[in-house]
Amino acid sequence: MNQINESLRLIRSAENHLINKEFGISCYESRLSAIISLKKLADYLNLETKNNTLRELYKQINRFLNLNSIKYCIDYLDSLKNLEISHCDTYCADEIPGSEILEYANKDDAERAIKCSREIYNFLLNIINLN
């Protein structure tokens, strides 16, 4: 349950960063929330994950569970993987410094990222609560 709480905490933090016009941090936290949700889903399904990247988690889980309903969200959030964090809280430390900086993210990016991370989070809850 800890990972589920962390995923929701990151979504709420992303929403706060959106309000404060910190769009890059909001996108980053949304993406990280999705990774944590998929990791929790893999754990729930007793899958050994080789890699904790968003794309790899998706591929591994999709072999056992149809994830078509959240594929758009996976694709969108995965497109944000090159955000570079220059100032952020401790949850931003695991991203590889990339080719884009946070300032390139805009309000629309952040809103879409939050929506997608929430969809993935709700997908996880539905699977866990059904069983």
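Predicted model: local features only at pLDDT ≥ 70, side-chain atom pairs only at ≥ 80, totals over all residues.

Q: Fine. At what angle do α3 and α4 cross, and within what distance do their axes come?

A: The α3 and α4 axes cross at roughly 160 degrees and come within 9 Å. Angles over 145 degrees count as roughly antiparallel, so α3 is roughly antiparallel to α4.

Q: Is that crossing left-handed or right-handed?

A: Left-handed, for α3 and α4.

Q: Which residues meet there?

A: From α3 you have L54, R55 and Y58, and they meet K71, I74, D75, L77 and D78 of α4. By class, the contact of α3 with α4 splits into 4 nonpolar and 4 charged residues, with no polar ones.

Q: Which residues of α3 are buried, and what do they pack against?

A: L54, L57, Y58, Q60 and I61 are the buried ones in α3. The buried residues of α3 pack against α2 and α4.

Q: What does I61 touch, leaving aside its neighbours within four places in sequence?

A: I61 is in contact with L38, L41, A42, L45, L47 and L67.

Q: Switching to the core. How many residues are in the largest nonpolar one?

A: The largest nonpolar core has 35 residues, and among those with the most contacts inside it are L38, L41, I61 and L67. Helices α1, α2, α3, α4 and α5 each give two or more residues to this core.

Q: Which of them gives the most?

A: α5, with 10 residues.

Q: And what about C27, buried or exposed?

A: C27 sits in helix α2. It has 0% relative accessibility, so C27 counts as buried. Its C-alpha atom is 7.1 Å from that of I114, although C27 and I114 are 87 residues apart along the chain.

Q: Back to helix pairs. How do α1 and α2 cross?

A: The axes of α1, residues 2–19, and α2, residues 23–44, cross at roughly 165 degrees and come within 8 Å. That makes α1 roughly antiparallel to α2. The crossing of α1 past α2 is left-handed.

Q: What's in that contact, by class?

A: The contact of α1 with α2 has 9 nonpolar, 8 polar and 5 charged residues. The α1 side includes I4, L10, I11 and L18, and the α2 side includes F23, I25, L32 and I36.

Key: Residues numbered from 1 in each chain as written. Heavy atoms only, no water. Axes fitted to C-alpha atoms, helices over the stretch in contact; angles between N-to-C directions. Helix = DSSP H or I, 4+ residues; strand = E, 2+ residues; numbered from the N terminus. Parallel < 35°, antiparallel > 145°, perpendicular 65-115°, else oblique. Left-handed = near helix turned anticlockwise from the far one by under 90°. Contact = heavy atoms within 4.5 Å. Nonpolar A, V, L, I, M, F, W, Y, C, P; charged D, E, K, R; others polar. Core = buried A, V, L, I, M, F, W, Y, C linked by side-chain atoms within 4.5 Å. Buried < 20%, exposed > 50% of the residue type's maximum accessible area, 1.4 Å probe, protein only.
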